[in-house]
Amino acid sequence: MRLQRKDLLGIEDLSAEEILLILDTAYSFKEVAARPIKKVPTLRGRTVMNLFFESSTRTRASFEIAEKRLSADSVSFGSVSGSSVSKGETLLDTARTLEAMAPDILVMRHASSGAPHFIARMCKSSVVNAGDGMHEHPTQALLDAFTIRERKGKLQGLRVAIVGDIVHSRVARSNLWLLTKLGAEVVLAGPPTLMPPGIERLGARVTRSVDEAVEGVDVVMMLRIQTERLSGHDFPSAREYFRLFGLTAERLARARSDAILMHPGPMNRGVEIDSSVADGPESVILDQVTNGVAVRMAVLYLLSGGATEAGHAPSR
Amino acid sequence: MRLVVSKGRVIDPVSRLDATLDILVEDGRIAAVGPELSASGATILDASGRVVVPGLIDMHVHLREPGFEHKETIESGTAAAAAGGFTAVVAMANTSPVNDTAAVTEYVRRRSAEAGKATVFPVGAITKGLEGKCLTEIGELVNAGVVAVSDDGHPVENPLLMRRAMEYSTLFDVPIIEHCETPELHPGGSMHEGFWSTCLGLRGIPAASEEIAVRRNVALAELTGARLHVAHLSTRGALQAVREAKRKALPVTCEVTPHHLLLTDEAVRGYDTNTKMMPPLRSEEDRQALWEGLADGTVDAIATDHAPHHLDDKCVEYDKAAFGVVGLETAVPLCLDRLVDKKIISLSRLVELLSSNPARILGLPKGSLAVGADADITILDLERTSTVRPERFQSKGRNTPFAGWELRGGPVVTVVGGRIVWQAHDEAM
């Protein structure tokens with residue numbers, strides 16, 4: 001099976017079959033990390049540009065490692081001073097200039113929702129959305145699904161609580177689309193000041209109580225308070241936020257006994273999550289990071305025209 | 001110079017006319033309206049099978065001159081007006097320099113007289129530099145020819161200043177046209193706040209932003225007795241506030257735009273920056289409320305808020321793009337196809353909304369085909385079909401959300417002061 005699309009811009013427009021294709025493909029790439037020589041020749045001769053207009057540590061490193069392990073030639077640009085971005089060049093001019101160097105794939109993170117969609121319309125290269133504003137972060141949702149499937153063997157029928165700053169979270173939106181497409185049940189919890197209007201129409205149950213949200217769930221996914229996006233007056237203090245919405249061992253105990261705990265990182269310890277649970281036995285937070293590389297290898301491979309034979313990957 | 005517009009279906013709500021008649025124009029005025037008129041040496045304009053209405057007036061446009069001639073000029077903007085069937089436009093004050101002095105008003109009037117195809121009525125600023133800090137010399141602006149005052153583009157946030165502006169405006173009997181918004185409620189907002197802003201991850205502008213401002217300004221109009229005209233009204237709540245004000249017989253009027261009547265926030269899917277304007281495209285519920293307002297008379301006028309922008313202002317990230325869409329060349333076909341042809345409103349009501357009501361609100365000697373009135377006439381063809389093609393616009397702005405729409409009905413001839421200023425290319429008249 002092949003992925004019949006030029007770009008990966010979001011989960012919203014992917015079918016369940018496409019999501020499963022990416023996840024199955026990622027299984028076969030995960031094993032590369034266990035080899036002494038962590039490299040396959042799959043994308044030899046292909047050029048990938050990483051355009052991070054918004055700062056990033058883990059996503060950028062993850063994409064760069066994925067590209068190198070696939071033997072692609074990759075170049076990265078950050079939103080550093082001295083680049084053309086800081087000289088007032090428009091996004092479109094930057095993208096067209098870079099495209100003139102004939103890259104095969106542009107991996108792009110941008111603080112404006114829809115920016116990768118705009119560039120994808122204007123450029124012939126494939127575009128991978130590495131996070132756009134408050135809209136989508138598709139590879140994060142894919143690596144989260146990969147991690148859940150790895151631990152639980154399935155997504156269908158699972159109950160997942162997503163807790164925290166929902167309104168500013170592209171991770172929440174991408175996960176909500178992905179999990180509901182694959183048959184999981186999603187409950188969202190957070191303060192009303194950080195809950196976007198109408199999100200229940202996307203198939204989630206919404207509650208203000210973390211205790212209620214985590215009751216009996218298989219997966220607890222905590223979100224980072226996005227201090228850089230807060231508009232002010234969202235909650236009175238980190239102290240009160242933690243008291244009302246932070247994940248503690250007592251709250252986590254309401255979940256199923258075999259529940260797993262996830263966080264897309266970076267964590268605000270003591271604000272949305274207590275260190276004892278972040279580092280506890282339920283936590284799969286570092287597995288998420290590990291799996292991110294395999295999932296991004298799969299995405300880059302499939303967008304380059306790669307195929308995965310049906311039944312080649314473990315069917316779960 | 002004499003002109004006979006012959007055998008058209010003449011619709012004039014002010015004269016309560018709807019009949020096949022001739023119109024005789026002499027020296028720029030309507031000289032006679034009746035069956036089978038003739039005059040020696042007159043040019044004959046055959047309007048049989050067509051609808052002849054008082055010249056349409058767009059009471060809310062941005063012509064961008066002086067200061068932003070790369071977006072639009074008085075010449076290109078009035079050419080767009082004429083090509084859209086408008087014989088007069090009301091030009092907002094947010095130019096550079098701002099129209100806050102008689103010198104700028106006089107400049108706009110002189111450029112319009114030199115280059116303008118349609119008549120331009122300037123609006124003066126309420127506050128100097130649109131800064132919301134101190135009143136302009138409204139008396140001098142009115143002397144120079146402004147027909148209303150407005151800080152359009154910016155609301156007047158300070159309630160005391162707005163109160164004083166309203167009180168002071170009653171000296172000159174000019175309406176205050178207010179852009180009703182509460183900006184502090186939605187920093188960074190770029191679309192209507194609702195389900196679609198949630199899906200698209202764009203910061204929202206709640207409907208309450210407009211309703212809060214409309215209700216405050218209605219209360220101040222009641223306090224001061226000033227005439228308040230609400231610009232580009234877009235929400236159910238704001239419409240209800242105007243409806244209640246009218247029930248109290250307050251001198252409050254409002255306009256709506258074709259884009260708010262015909263599109264909703266769902267159109268933002270795909271992040272086309274030509275769907276970005278202020279106020280933003282609202283919910284389906286709001287859109288339906290505006291249709292009810294058209295039908296029950298709460299809405300006084302349809303105005304385009306024609307806001308041309310350069311491609312560079314729009315070909316950027318959605319949240320960084322300029323607010324505003326063009327409207328002069330699409331409004332009439334859109335209204336004929338989507339409102340009149342679909343039986344939402346009658347043709348006569350459309351003429352009220354696009355001509356006689358704007359003239360009444362602004363006190364213009366226009367908006368009627370009565371004998372003695374200015375000979376501003378728009379001829380419509382209800383069967384003519386067209387496709388919206390931005391690349392063919394007379395306007396310098398190409399920023400329309402309606403590109404590619406196929407529409408039935410449109411203007412075919414525009415007459416200003418007895419002079420034919422525009423005819424559709426395929427017209428063999």
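Is A:Y241 buried or exposed? A:Y241 counts as buried, at 2% relative accessibility. Buried means under 20% relative accessible area, exposed means over 50%, and partly exposed lies in between (1.4 Å probe, protein chains only).

This is a predicted model: local features need pLDDT of at least 70, side-chain atom pairs count only at pLDDT 80 or more, and totals for chains, interfaces and linings use all residues. Residues are numbered from 1 along each chain as its sequence is written, chains are lettered from A and ligands numbered from 1 in the order in which they are written, and side-chain values use heavy atoms, with hydrogens and water left out.

Start with the rings. A pair of aromatic rings is described by the distance of the centres and the angle of the planes. Rings of Phe, Tyr and Trp (its six-membered ring) pair if their centres lie within 6.5 Å; planes under 30 degrees apart count as stacked, over 60 as edge-to-face and the rest as tilted. By this rule there are eight aromatic pairs over all chains. One of them joins A:Y27 and A:F146, a tilted pair with 4.5 Å centre to centre and 35° between the planes. This pair links distant parts of the chain: A:Y27 is in helix α1 (residues 16-30) of chain A, and A:F146 is in helix α5 (residues 138-152) of chain A, 119 residues apart. Helices (H or I, at least four residues) and strands (E, at least two) are DSSP runs, numbered from the N terminus. A:Y27 is buried, at a relative accessible area of 12%. A:F146 is buried too, at 0%.

Another pair brings us back to A:Y241. A:Y241 and A:F245 are tilted, 5.4 Å centre to centre, with 35° between the planes. Both lie in helix α8 (residues 238-245) of chain A, four residues apart, about one turn of the helix. A:F245 is buried, with a relative accessible area of 9%. Ring pairs also draw in A:F235, giving a cluster of A:F235, A:Y241 and A:F245.

Rings can also meet charges. A charge sits over a ring if NZ of Lys or CZ of Arg is within 6 Å of the ring centre and within 35 degrees of the ring normal. In chain B, the charged end of B:K276 sits over the ring of B:F323, 4.5 Å from its centre. B:R287 lies over the face of B:W291, at 4.5 Å from the ring centre.

Now look at helix α4 (residues 115-122) of chain A. It is mostly covered: six of its eight residues are buried. Among them are A:H117, A:F118 and A:I119. The buried residues of α4(A) pack against α3, β3 (105-110) and β4 (126-132) of chain A.

Next comes a residue of chain B. B:E317 is in the loop between α10 (311-314) and α11 (331-340) of chain B. B:E317 counts as buried, at 7% relative accessibility. Not counting residues up to four places away in sequence, B:E317 touches A:L91, A:H110, A:S112, A:A115, A:F118 and B:T273. Contact means heavy atoms within 4.5 Å.

Finish at B:G8, in strand β1 (residues 2-12) of chain B. B:G8 is buried, with a relative accessible area of 0%. Leaving aside neighbours within four places in sequence, its contacts include B:A19, B:T20 and B:L21. The C-alpha atoms of B:G8 and B:V53 are separated by 9.4 Å, and these residues are 45 residues apart along the chain.

Key: Axes are lines fitted to C-alpha atoms, for helices over the stretch in contact, and angles run from 0 to 180 degrees between N-to-C directions.
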